[in-house]
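These are my notes from a first reading of this structure, kept in the order in which I looked things up.

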2 protein chains.
Amino acid sequence: MPNAAVLACDWGTTNLRTWTLDAGGEVLASRDFELGVSRLQPGEAAARFQSEVRPAMEALALPAVLCGMIGSNLGWTVAPYLDCPVSLQDLARGLVTPPSAEGWARLAPGVRGEGLDGASDVMRGEETQLFGWLALNPDRARGRHVVCHPGTHAKWMVVEDGRLTHFITAMTGELFAVLRKHSVLKSDAAPDDAAAFAEGLAAAGDGGALAARLFTARARVVGRGKAAETTPSYLSGLLIGAEAASVPKLLGVEPGTKVAVLGDIGLCALYSQALQAQGLACETFDGEAAAVAGLFALYRKATGQ
Amino acid sequence: MPNAAVLACDWGTTNLRTWTLDAGGEVLASRDFELGVSRLQPGEAAARFQSEVRPAMEALALPAVLCGMIGSNLGWTVAPYLDCPVSLQDLARGLVTPPSAEGWARLAPGVRGEGLDGASDVMRGEETQLFGWLALNPDRARGRHVVCHPGTHAKWMVVEDGRLTHFITAMTGELFAVLRKHSVLKSDAAPDDAAAFAEGLAAAGDGGALAARLFTARARVVGRGKAAETTPSYLSGLLIGAEAASVPKLLGVEPGTKVAVLGDIGLCALYSQALQAQGLACETFDGEAAAVAGLFALYRKATGQ
């Protein structure tokens, strides 16, 4: 592909997203592969990347920069965790080239921090989106900012003067998935009922006693005759609402603070609704653009550009 | 069977427990059937009870009294919910005889109450154990008592002067089951590591921000090198600890209060440890004995004995 300079990859547990970028970081082509790290046999990451991904992206001659679970012990080569606080420069210095890649591939490290009540916390991939977001929003280079990245494992990140200093993970998305699929609350209905979502938000209260609040999703159907098809929407509102009511407080976020919500735009909208209900202001940002910008920023740092 | 007077049944979602009782309520025989309500085809409860359960218990000539999900719309015949407050007398008046049983079977109603923050809450089966516990402990007939019944859906019940006035359900057991089996925290290891259970109890904190606390179960393995086999024990401690830290407060239980923990003795011991860590005193009571006593008490009330 003319002008192609680097293959940028966000290689997560369930999916691999790739972008061919030019020397200015513009996207020339993109593609998703159903080749999440959880689907890889041990040791086959390099071979499958070489035989499937690079050819499909016409990127056999391009260097690659990758973030996400591909840098874990389940992926290609371990890119060890960096401990908070972490800057973009630190992340670039922590890039790891797998021996099998002969210099053309670089894997971003994950980040480890002191999370809730001094417990350990970890991330792989969101740090790259965070630094991409900073690159796209240079007015946030100074000061303290709180960034929420919703998803299977939502990340709440604190950035201070351009460094990731602290973060907390909430398993909200995974709770939603397993309860919706495997529990007494299971339902195939789409979570698209705005009224039931709002009802769930209200039922989240202060976010405490979650195991008890969850049962209200059952009791409203069995005891109050609400339609079972509204359960997924109610459950979504309840879980996102409980996170919005509790996690910002753990980070010392004061009412009126502006939170940056970064990720899938549809999910960001639900989080914004929940956070606004808690008296927090929100701005939403596209996670894909941030991933591209972060990977490109790492590539530039690594190659001294 | 000589002296047999009544077949008492606790017919729940996953299991059917039966006891043949004599005229004084003593257990002559008992048996569990893998015939939970969730395994019944619509409409077949009566036929399977007649063709499998009564013959196996040599109880073809005996009356039967049943509690649990068998009285729900998924069971035999609906025994409608009674609204709190509910006494043993109310429960006996609410017994329903299915048309197909020709008078020999009686199904206990469930109970509905105003649970968390005014939301609806429901139970089927635990109310019968509660009144059995009261029958076995006549010193609790007066005053206010708090009874915790741990399980898939833990019930926290308030009894005042012999009437069930208020209760809250916590889905703690179900959360444990689905997370252990279907989430990133999944593990086949037995939850029998006392140190990891205690570690989880401590990590439960005030029980808030549960989605975030749950991720500490992952991060302690990935980020701190704890053995993955200890995850089920840690998760058990975290979930039971979060319930113990939050639900009693919702019921206005003051530190130092004595809580009755009623149910499976092994599970009651874990709950006692969690509640004691919250400054609450505990007494544990066997749930099976309470179920038998409650079913027998209903039978006696219904037959005017």
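I began with strand β9 of chain B, residues 144-149, and noted that the strand is mostly covered, since five of its six residues are buried. I keep in mind throughout that this is a predicted model.

I then looked up the partners of β9(B). Six bridges join β9(B) to strand β10 of chain B, residues 154-160, and the two run antiparallel; within this pair I found V147(B) opposite M157(B). The hairpin that the two strands make has four residues between them, and there G151(B) takes a positive phi near 160°. On checking for a further partner, I found that β9(B) also pairs in the parallel sense with strand β12 of chain B, residues 258-263, over three bridges, and that C148(B) stands opposite V261(B) in that pairing.

Next I turned to a sheet in chain A. I read its five strands in the order β3-β2-β1-β4-β6, forming an open sheet with mixed pairing. The edge strands are β3(A), residues 27-33, and β6(A), residues 105-107, each of which pairs on one side only. Neighbouring strands of this sheet are turned by 15° against each other on average, with direction ignored. Inside the sheet I followed strand β1 of chain A, residues 4-11, which pairs in the parallel sense with β4(A), residues 64-67, over four bridges, and I saw L7(A) standing opposite A64(A).

One residue of strand β1 of chain A, D10(A), I looked up separately. Is D10(A) buried or exposed? I counted 26 other C-beta atoms within 10 Å of D10(A), and therefore I put it down as buried, the cut-off being 20 or more. Leaving aside neighbours within four places in sequence, D10(A) is in contact with R17(A), C67(A), G68(A), G125(A) and A291(A). I also noted that the C-alpha atoms of D10(A) and T128(A) are separated by 9.0 Å, although the two residues are 118 apart along the chain.

For the helices, I examined α5 of chain A, residues 194-203, which packs against α7(A) at an angle of about 35°, with the axes 6 Å apart. I recorded the crossing of α5(A) and α7(A) as right-handed. The residues that meet include F197(A) and L201(A) from α5(A), and Y234(A) and L238(A) from α7(A). By class, the residues of this contact divide into eight nonpolar, five polar and one charged.

Last, I looked at how the two chains meet. The contact takes 45 residues from chain A and 45 residues from chain B. Among the elements that give two or more residues to the chain A side are β11(A), α4(A), α6(A) and α7(A), and the largest share, ten residues, comes from α6(A). I sorted the chain A side by class and found 24 nonpolar, 13 polar and eight charged residues.

How are the two copies related? A rotation of 180° with 0.0 Å of shift along its axis superposes chain A on chain B, with an RMSD of 0.0 Å, and so the copies are related as by a two-fold rotation axis. In chain A, the C-alpha nearest the axis belongs to G208(A), 2.2 Å from it.

How values were computed
Residues are numbered from 1 along each chain as its sequence is written. Chains are lettered from A and ligands numbered from 1 in the order in which they are written. This is a predicted model: local features need pLDDT of at least 70, side-chain atom pairs count only at pLDDT 80 or more; totals for chains, interfaces and linings use all residues. Two residues are in contact if their C-beta atoms, placed from the backbone, lie within 7 Å. Ala, Val, Leu, Ile, Met, Phe, Trp, Tyr, Cys and Pro count as nonpolar, Asp, Glu, Lys and Arg as charged, and the others, Gly among them, as polar. Copies are superposed by least squares on the C-alpha atoms of residues with pLDDT of at least 70 in both. Axes are lines fitted to C-alpha atoms, for helices over the stretch in contact, and angles run from 0 to 180 degrees between N-to-C directions. A crossing is left-handed if the near helix is turned anticlockwise from the far one by less than a right angle, and right-handed if clockwise. Two strands pair if DSSP finds at least two bridges between them. A residue is buried if 20 or more other C-beta atoms lie within 10 Å of its own, exposed if 12 or fewer, and partly exposed in between; C-beta atoms are placed from the backbone.
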